[in-house]
Amino acid sequence: MSGEVNWNVADIMTQHNRYVDHLLDELNHFKQSLHQTVQQLFPLPDIVEKCIWRQCIILSNHSFVEGFASVKVCSNEGRALMQLDYQQFLNKLEKITNIRPIPNREFVESYIKAFYLIESDLERWVEQHTEYSPQQLSSLLQSTSSNTTSGSSTTTHHQQQQQTGNSTKQRVLSLIEDFAGRK
């Protein structure tokens, strides 16, 4: 669903995307089904219900990262929109589930913030964040590398930046491949 969103926007948005509402509607429907069907047949202990919700939240968080990792073109304003979407999701999710703190939220927040890193910082970030799949890490690298070489004033300076960026990109891709081989 987030694949249908235009993330290459020029302005900071103030309204979240509709896919967030759709996901929240599905979770609300699940909550109603859980209470109407399962609870009527046999009462679930509170700890079991919380465990079910924690797993739903973790799966939702992974869906957010997978969706964000599939984005091919995204502006910084688009990254801000990702943050807005996820924040809206968290605010409404707490009301639906009564789970606090939201488990695994750092998984999504850290991934979004990583898009703002320069390549040298991204290399350290990849080394420290082995919880992401190689595809998610590669997508992050591809997206950020296109933004780090823009804005140079001279051709020579631009070429030097590009060469440095390419060697950093190769090191990080090699690191991701090594990581993939260990999993």
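Asn98 is found in the loop between α3 and α4; helices here are DSSP runs (H or I, at least four residues), numbered from the N terminus. This is a predicted model, where local features need pLDDT of at least 70, side-chain atom pairs count only at pLDDT 80 or more, and totals for chains, interfaces and linings use all residues. Residues are numbered from 1 along each chain as its sequence is written, and side-chain values use heavy atoms, with hydrogens and water left out.

Let's start with the backbone of this loop. Most residues other than glycine have a negative phi, and most peptide bonds are trans. Asn98 has a positive phi although it is not a glycine, and Asn104, in the loop between α3 and α4, is likewise a non-glycine residue with a positive phi. Both are partly exposed, meaning a relative accessible area between 20% (under which is buried) and 50% (over which is exposed), with a 1.4 Å probe and protein chains only.

| Residue | Phi | Relative accessible area |
|---|---|---|
| Asn98 | about 60° | 48% |
| Asn104 | about 65° | 22% |

Pro101 lies in this loop too, and the peptide bond from Arg100 to Pro101 is cis, with omega near -10°.

Now for α3 itself. Its buried residues include Tyr86 and Phe89. Phe89 is among the residues with the most contacts inside the largest nonpolar core, which has 42 residues; such a core is a set of buried Ala, Val, Leu, Ile, Met, Phe, Trp, Tyr and Cys residues joined through side-chain atoms within 4.5 Å. Val108 is also on that list. Leaving aside neighbours within four places in sequence, Val108 is in contact (heavy atoms within 4.5 Å) with Asn61, Phe64, Val65, Phe68 and Tyr86.

Methods: Helix = DSSP H or I, 4+ residues; strand = E, 2+ residues; numbered from the N terminus.
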